[in-house]
Amino acid sequence: MIHDIDLILYLIQSPVVNVEASGVSVLSKKLDLVNARITFQNKSVANLTASRISDKPLRKLRLFKNSEYVSIDLQKHTYSQYVVEKKNCKNINKDSIFELNDKFVTLQKHQAKQTNALYEELLSFINSIQNSQKIAINAFDGKHAIEIALLIKQKINDNQ
């Protein structure tokens, strides 16, 4: 889950104000299934789930804020963006998937470039050593992601 946490912190770029988490050990002595909900100062919310006991690989992130919902499928390298907009003369002809009163929701689907993120991370680290290049994730960002991961683990331990 550490890479997902790092990605969320990068995307939202707002201080974390609350973390809720639950997890269970099913097959091992470690946590096999974890769910976390992270709330940010700017009112964004991120839900994360990590599981070692799924019947198929699944890595999805869901991000919520006042007028937008983004669902990211990290396995398929796709994301869907749902945006709430107010109706007015300029956008009345926009394609909407849902309408209510003076608002409507549009959906945009996107395909990201297919890459191996773990390989790219290691390559960036090696290049930083061999060629004195700046790494993609700096020490501060990495430390912050680890702090949130440890907080998630602490919340799970507190609930057990």
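**A note on the salt bridges**

1. Let's start with Lys143, which is exposed at a relative accessible area of 51% (exposed means over 50%, buried under 20% and partly exposed in between, with a 1.4 Å probe and protein chains only). Keep in mind that this is a predicted model, where local features need pLDDT of at least 70, side-chain atom pairs count only at pLDDT 80 or more, and totals for chains, interfaces and linings use all residues. Residues are numbered from 1 along each chain as its sequence is written, and side-chain values use heavy atoms, leaving out hydrogens and water.

2. Lys143 pairs up with Glu147 in a salt bridge, 2.6 Å from N to O (that is, a side-chain nitrogen of Lys or Arg within 4 Å of a carboxyl oxygen of Asp or Glu). Both residues sit in helix H3 (residues 139-159), 4 residues apart, about one turn of the helix. Helices (H or I, at least four residues) and strands (E, at least two) are DSSP runs, numbered from the N terminus. Glu147 is partly exposed, at 38%.

3. Now have a look at Arg52 and Asp32, whose salt bridge has its closest N and O atoms 3.3 Å apart. This one links distant parts of the chain: Arg52 is in the loop between strands S3 (45-51) and S4 (60-65), Asp32 in the loop between strands S1 (16-24) and S2 (33-40), 20 residues apart. Arg52 is exposed at 56% relative accessibility, while Asp32 is buried at 4%.

4. Glu68 and Lys65 also form a salt bridge, at 3.5 Å from N to O. Lys65 is partly exposed, with a relative accessible area of 45%.

5. How many salt bridges are there by this rule? The count comes to 4.
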